[in-house]
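This report covers sheets, helices, pockets and cavities. Please view the chain below before reading on.

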Amino acid sequence: MLKKSTNNPDNSLNKPEKLRRGAAKKRAKGKAADETGGRYYYKGNRHKQLRAFVSVVKLGTLTRAAEALYLSQPTISLQLQALERELGVTLVERRRRRINLTDAGEALYELARPLIEGWETLDRDFQARVQGLQGGRLTIAAGTSTIQYLLPDLVRRYRERFPAVQLQLANVTGKDGMALLRADDADFAVGSMLDVPNDIAWAPVHHYDPMLIMPPDHPLAAKDKITLEDLSPYGLILPPQRLSTYRLVDLVFQQRQVPYHVAIEVGGWDVIKEYVAMGMGISIVTGICITEADHKRLAVRNMKQYFPQRSYGVVMRKGKFLSAEARAFIDLIRPGLLTHRDYDESGHSQR
């Protein structure tokens, strides 16, 4: 007797074919559940998720992170959401254009940042560790006084250790130096700062007193103690107004309501010292520029009771990853300087 046929087309399939189609249906259901239920399609690659997370924290916005990674902003957002869903925590708080870390995000950033940066530079760092720094490029932004008086010994020692590294010293003022750092056109800067933006990390290393310089036969040179009021009758020779030294001197006189006048504005400590030696005026300079030869041709008095010290150190953008070439130079300035907390924090860019 013939068996009655049914309407189920699968009855005509052999057993292996049924199993294959059953497995395909399960995969399809699983994928739909992942996309609509508990998991995200972007779960797959934890490295990509962490890379997106670290980039967002460093650069401050999803847009900048997307540009840096050559991805779309929605892709970055999905990777962050997938990472948060898988870890079961909120990592970032989105407030208008700003990205703020939660406590959990802060903890993950501390763990993830060295992993991601180490992965991206693994080949180069491996070669540097095995063979030493055999090449590469290092760009340091600095002002004229820093390049002339503070950096020469450091540059000499660096060149002796790493002769193959191409070293560029960008001679710029403070404002232009900040622009180079924010554009990643300089690895870091060395110099002095009065105001520190919140996206910049600043680690002072050397401190110098303010000095009054004048010709040896100047009337003030005979006095043991010189007050701010004593300077009023004499013309000052100062750097241009756009520079921090001029602003600092002006601020002190204004705060103490002591009148003063500037006889000459000219750039460069060496030029100022030469004009003072020629009797064209007196000046307030930073102790960094005073040499043994200057003490023989100038009368020098410490004015720290009136003017603040100037500090010189390392300046860099927060969240900036330093190359092996840059770290080697900073270690010459002060070993262990980069353990300072601010260097690992992100900051909202002023760009």
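What covers the buried residues of helix α3? The cover includes α2, α4 (73-87) and β1 (92-95). Contact here means heavy atoms within 4.5 Å. The buried residues of α3 are L62, R64, A65, A66 and L69. Buried means under 20% relative accessible area, with a 1.4 Å probe and protein chains only. Y70 follows α3 and has a positive phi, near 60°.

This is a predicted model: local features need pLDDT of at least 70, side-chain atom pairs count only at pLDDT 80 or more, and totals for chains, interfaces and linings use all residues. Residues are numbered from 1 along each chain as its sequence is written, and side-chain values use heavy atoms, with hydrogens and water left out.

**Overall make-up**

The chain has 13 helices and 12 strands. Both are DSSP runs numbered from the N terminus: helices are H or I with at least four residues, strands are E with at least two. Of the 351 residues, 42% count as buried. Among contacts with a separation of 6 or more, 74% come from residues 24 or more positions apart.

**The five-stranded sheet**

Five strands form an open sheet, ordered β4-β3-β5-β12-β6, with mixed pairing. Two strands pair if DSSP finds at least two bridges between them. The edges are β4 (166-171) and β6 (200-208); each has a single partner strand, so one side of each is left without a neighbour in the sheet. From one strand to the next, the twist averages 20°. Axes are lines fitted to C-alpha atoms, for helices over the stretch in contact, and angles run from 0 to 180 degrees between N-to-C directions.

β6 and β12 (310-317) run antiparallel and are joined by eight bridges. W202 has V315 of β12 as its bridge partner. Helix α13 (324-333) lies across β3 (137-142), β5 (188-192), β6 and β12, and runs at about 50° to β3.

**The three-stranded sheet**

A sheet of three strands is also open, with the order β10-β7-β11 and antiparallel pairing. β10 and β11 (299-302) stand at its edges with a single partner strand each, so one side of each has no neighbour in the sheet. Here the twist averages 35° from one strand to the next. Four bridges join β7 (210-214) to β10. P210 stands opposite T286 in β10. Helix α11 (269-277) lies across β7 and β10, at about 145° to β10.

**Pockets and cavities**

Both kinds of space are found on a 1 Å grid over the protein atoms alone: a cavity is a set of points where a 1.4 Å probe fits but cannot get out, a pocket is an open set with protein on both sides within 12 Å along at least five of seven lines, and lining residues have an atom within 4 Å of a point. Grid points are joined across faces, edges and corners, and a volume is the space filled by probe spheres set on the points. In the table, Ala, Val, Leu, Ile, Met, Phe, Trp, Tyr, Cys and Pro count as nonpolar, Asp, Glu, Lys and Arg as charged, and the others, Gly among them, as polar.

| Space | Volume | Lining residues by class |
|---|---|---|
| Largest pocket | about 970 Å³ | 16 nonpolar, 16 polar, six charged |
| Second largest pocket | about 580 Å³ | 10 nonpolar, four polar, 11 charged |
| Largest cavity | about 90 Å³ | nine nonpolar, two polar, two charged |

The largest pocket is lined by 38 residues; T173, G174, S192, L243 and S244 lie nearest its centre. At least two lining residues come from each of β3, α7 (144-150), α9 (174-182), β5, α10 (244-255) and β12.

The second largest pocket has 25 lining residues, with K58, L59, D184, R317 and K320 closest to its centre. Two or more come from each of α2 (46-59), α3 (62-69), α5 (103-120) and β3. The largest share, four residues, belongs to α2.

The structure holds two cavities of 30 Å³ or more. Thirteen residues line the largest cavity, and P210, L248, I284, T286 and R310 lie nearest its centre. α10 and β10 (283-286) each supply at least two of its lining residues.

**S145**

Is S145 buried or exposed? S145 counts as buried because its relative accessibility is 14%. S145 sits in helix α7. Not counting residues up to four places away in sequence, S145 touches L150, W269, I288 and Y312. The C-alpha atoms of S145 and N171 are 9.5 Å apart, at 26 residues along the chain.

Conventions. Buried means under 20% relative accessible area, exposed over 50%, partly exposed in between (1.4 Å probe, protein chains only).
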